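Here are a few notes to read with the structure open beside you. Take them one at a time and find each spot as you go.

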Amino acid sequence: MAAIEVERLRKTFRVPEHRESLRGALMDLFLRRYKEIVAVRDISFRIPEGEICGYIGENGAGKSTTIKMLAGILVPTSGRVEVAGYVPWRDRETFVRRIGVVFGQRSQLWWDIGVIESFRLLRKVYRVSETDFRRRLDELTETLQLGDLLHRPVRKLSLGQRMRCELAAALLHNPSILFLDEPTIGLDIVVKTQIREFLKKLNREHGTTILLTTHDLQDIEALCSRVIMLDEGMIIYDGSLEELKERWSRGREIRFRFSEPVEPSGLAALTDGLPVRWTAADEESARLWVPREIQVADVLARLVGALPILDMSFKETGTDEIVRAIYQSGSASVPAAGPAGNASVPGVEAAGGKPVPAAGTAEAAPVSVKAAGDAAASAGPEEAAEGEPGEEKRTEAQVRG
Amino acid sequence: MASAYLEFIRIRFLTMLAYRVNYYSGIVIYSLNIGVYYFLWKAIYGDASQLGGFSAAQITTYVAVSWMARSFYFNNLDREIANEIRDGSVAIQMVRPYSYLLVKFMQGFGEGLFRLVMFMLPGLVVVMLLFPLDLPEEPWRWAVFFLMILFSFLINSQINLLTGMIAFWLENNQGVMSFKRVLVDLLSGVVLPISFFPGWARTVLEWLPFQAIAYLPGSAFTGTLNGSEVAYAIGVQAAWSLALILPIMLMWRAARRRMFVQGG
């Protein structure tokens, strides 16, 4: 059974359009103009149980909107979505017991109380039995090294510490599906690695299905067997990372260092007739770009012996570069300029003409974190002046947050 | 599940307790309010023995008790909801297996309980020492009063839920919330008992939920309502508490479809 099934899913937002100048602002007061923004355009995919799938795309591509529809937060405009056998938005209260969600940019812990207090509250919210809770908590405390964090208030944790607690909080009820929206954002490399290791272990031992969005492609390389790439609300690639790399890296680069100066014009003469390209850095080193369809052996056969090669290294095109190139072109179909015989990539949906930019919808968030729950209850200055008993304290709590 | 909701009451109570320093200033401000209205009403009455169905002693008691009750039923649920919608943290609330509005309501109740125990009851003692109040001797009036301010809390919170949810439609509902605040204070009878309004206004106000928040419990407590009138007043409160559930549910359903999450 598929853990996640999505068919022709679409979400449009209606946002007010602001007119310029004072006159425009006045007109806005009486006659609001709205424009429709399509955040997700009729996407379809299926994720089987136990898979770790990366969901990538630029800011504003519709990643977060999709996750929010899958998690039951947003109601789709049209299309079908089924997660763990439920329709998320319709069966929200029962459905969310089966899933865990972590938003890298928002806290789900209560700001003012100790971490363990938050966990206990979640235990009650998710109706986890005391024994299950203890066992689960011990396990999470050990693997995420939460030990001495548990009794601190959330507002006193560092981002890395908080993130580990967030993960634990999302997993206390042992969900079968985990949604992660930029889980490693703003974290240092040690915590990032720790979290990746943890997720791998979780997937291996509990068979948890994981869907994560990220801007850090190392997350993808470390974790994901599959990548779905989104651009302007449409899926432009769905397949394995290996395949993406293979199809998209159009060649490799060989770097040479020479033991004595070599005339750049002499280099070109050596590879005459082959579709390769030389870039000479200086007289003692050079880089040679070799397209995929040319065998490296054929090239080297001409060079070895003819050149005073001191050292030589190969460089495959990195995922970063590939993804950057795809983002820039807005399509994962290999451009016509690429090597012959590679024109189509399986699983690629035709991107077609570029639709109207859908930027500035749900994405592009500032990296600030707001605690959920009680800390959000702030009293405006008006309140403070009027002095409701015991109100101002929360303004203070927010400033500190 | 019920235990989870109770837990929200407890945690809000504890959170309030942790930051209790500021509530001392609240005591001063409430005492000032009561004092000002006390002397204002004394001046208005002058030699008159009865105005708008209240004797001078009753009106001062009414003012004091209404303000103390206000400290219990008052909350900022509308602001909390609006803030959570504006900063997008409402998304977190939606991935939890509970009713968002019910949780908000429980948090409001935790806050109300805190104010009742830490503020209203001690405050009432202070006010009794400062001003000569005419407190009822019948125990049932006290019982009825506490039942009625429970309804006051219910109705006021329901109105706050409705006002807060407007933030799903308006980018900024500050204005609406301020308007509601003035409306509730003015029309609920905290400042001026409903019986002091001109006849046509009274008829209108009797058909609005606001009088059920302050005027009815205050009147029952000070003795301007008696016997079956008190039963009727409780009935009116109960009716409003039930009647407001429907618009809240409809609004929430509409909001679910409209919901978008600010800041990703």
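The points below start with chain A as a whole, then turn to a strand pair and a helix pair.

1. First things first: this is a predicted model. Keep that in mind for everything that follows.

2. Let's take chain A as a whole. Chain A has 14 helices and 15 strands. Of its 401 residues, 40% count as buried. Now look at contacts in chain A between residues at least 6 apart in sequence: 73% of these join residues at least 24 apart.

3. Next, zoom in on two strands of chain A. How do S12 and S13 of chain A run, and how many bridges join them? Strand S12 (residues 277-282) and strand S13 (residues 285-291) are antiparallel, with five bridges joining them. To see one of these pairings, find A:Ala280, whose bridge partner in S13(A) is A:Ala286. With two residues between them, S12(A) and S13(A) make a hairpin.

4. Over to chain B, and a pair of helices. The axes of H4 (residues 77-87) and H7 (residues 139-165) of chain B come within 7 Å, crossing at roughly 25°. Angles under 35 degrees count as roughly parallel, so H4(B) is roughly parallel to H7(B). The crossing of H4(B) past H7(B) is right-handed.

5. Which residues meet where H4(B) and H7(B) touch? On the H4(B) side they are B:Leu77, B:Asp78, B:Glu80, B:Ile81 and B:Ala82, and they meet B:Ser157, B:Asn160, B:Leu161, B:Thr163, B:Gly164 and B:Met165 of H7(B). Sorted by class, this contact between H4(B) and H7(B) has five nonpolar, four polar and two charged residues.

How values were computed
Residues numbered from 1 in each chain as written. Chains lettered and ligands numbered in written order. Predicted model: local features only at pLDDT ≥ 70, side-chain atom pairs only at ≥ 80, totals over all residues. Helix = DSSP H or I, 4+ residues; strand = E, 2+ residues; numbered from the N terminus. Buried ≥ 20, exposed ≤ 12 C-beta atoms within 10 Å, placed from the backbone. Contact = placed C-beta atoms within 7 Å. Pairing = 2+ DSSP bridges. Axes fitted to C-alpha atoms, helices over the stretch in contact; angles between N-to-C directions. Parallel < 35°, antiparallel > 145°, perpendicular 65-115°, else oblique. Left-handed = near helix turned anticlockwise from the far one by under 90°. Nonpolar A, V, L, I, M, F, W, Y, C, P; charged D, E, K, R; others polar.
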